Amino acid sequence: MRCVIARFPFDLIKSEVERSMADVEPEPVTSASVVIGPHTYPVKQVGEVITKQDRRDFTELEVARALTRLGFVCRPAATPARAAVPSWAETA
């Protein structure tokens with residue numbers, strides 16, 4: 001599949017992405033993630049491996065869009081839970 005990431009064209013194939021990530025240890029997920037095989041990787045980590053570009057050169061959205069089109073399951077960053085507001089603070 002042809003896609004553009006950080007203004008550069010790439011021809012990505014699902015099996016090649018899986019092969020590229022097979023021996024890569026997943027980093028802790030703190031933002032958007034993608035499931036590849038039995039592992040969940042940060043989207044930026046996968047983007048760096050498959051494009052060989054610095055993570056600052058592309059957005060999570062660019063990589064997630066390409067990976068989703070290839071058939072991978074991408075998950076958005078978890079939104080932080082709202083802090084409980086004490087009942088006395090609600091009347092202020």
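Among contacts (heavy atoms within 4.5 Å) in the protein between residues at least 6 apart in sequence, 49% join residues at least 24 apart. The structure is a predicted model, in which local features need pLDDT of at least 70 and side-chain atom pairs count only at pLDDT 80 or more, while totals for chains, interfaces and linings use all residues. Residues are numbered from 1 along each chain as its sequence is written, and side-chain values use heavy atoms, with hydrogens and water left out.

The protein has 4 helices and 5 strands. Helices (H or I, at least four residues) and strands (E, at least two) are DSSP runs, numbered from the N terminus. In order from the N terminus, the elements are β-β-α-β-β-α-α-β-α. Of the 92 residues in the protein, 29% are buried. Here buried stands for under 20% relative accessible area, exposed for over 50%, and partly exposed for values in between, with a 1.4 Å probe and protein chains only.

An open sheet is formed by 3 strands in the order β4-β3-β5, with antiparallel pairing. Two strands are taken to pair if DSSP finds at least two bridges between them. The edge strands are β4 and β5, each of which pairs on one side only. From one strand to the next, the twist averages 30 degrees. Helix α2 packs on this sheet and touches β3 and β4, and its direction makes about 85 degrees with that of β4. For these values, axes are lines fitted to C-alpha atoms, for helices over the stretch in contact, and angles run from 0 to 180 degrees between N-to-C directions.

Within the sheet, β3 and β4 run antiparallel and are joined by 4 bridges. These two strands form a hairpin with 2 residues between them, and G37 in the turn has a positive phi of about 65 degrees. On its other pairing, β3 meets strand β5 (residues 73–75) in the antiparallel sense over 3 bridges. Residue V34 stands opposite Y41 in β4 and opposite C74 in β5. In general, strands of a sheet pair through backbone hydrogen bonds, either parallel or antiparallel.

Helix α2 spans residues 43–51. Its buried residues are V43, Q45, V46, G47, I50 and T51. The cover over these residues includes β1 (2–5), β2 (8–11), α1 (14–21), β3 (33–36), β4 (39–42) and α3. The helix is followed by K52, whose phi is positive, near 60 degrees.

Two helix contacts of α2 were examined. Helices α1 and α2 pack at an angle of about 105 degrees, and their axes are 10 Å apart. The two helices are therefore roughly perpendicular to each other; angles of 65 to 115 degrees count as roughly perpendicular, those under 35 as roughly parallel, those over 145 as roughly antiparallel, and the rest as oblique. In this contact, V17, S20 and M21 of α1 meet V46, V49 and I50 of α2. The residues of the contact divide into 5 nonpolar, 1 polar and no charged. Ala, Val, Leu, Ile, Met, Phe, Trp, Tyr, Cys and Pro count as nonpolar, Asp, Glu, Lys and Arg as charged, and the others, Gly among them, as polar.

The axes of α2 and α3 come within 9 Å and cross at roughly 75 degrees. The contact is made by V43, K44, V46, G47 and I50 of α2 and by E60, V63, A64 and L67 of α3. By class, it has 6 nonpolar, 1 polar and 2 charged residues.

The loop between α2 and α3 (60–70) holds R55 and also Q53. Residue Q53 is buried, with a relative accessible area of 12%. Apart from neighbours within four places in sequence, Q53 is in contact with I5, A6, F8, F10, E48 and F58. Residue R55, in turn, counts as partly exposed because its relative accessibility is 23%. With neighbours within four places in sequence again left aside, R55 is in contact with E27, K44, Q45 and E48. The side chain of R55 makes a polar contact with the side chain of E27, at 2.7 Å. A polar contact is a pair of N or O atoms within 3.5 Å; within protein, one must be able to donate a hydrogen and the other to accept it, and residues adjacent in sequence count only if both atoms are side-chain atoms. The C-alpha atoms of R55 and V43, 12 residues apart along the chain, are 9.7 Å from each other.
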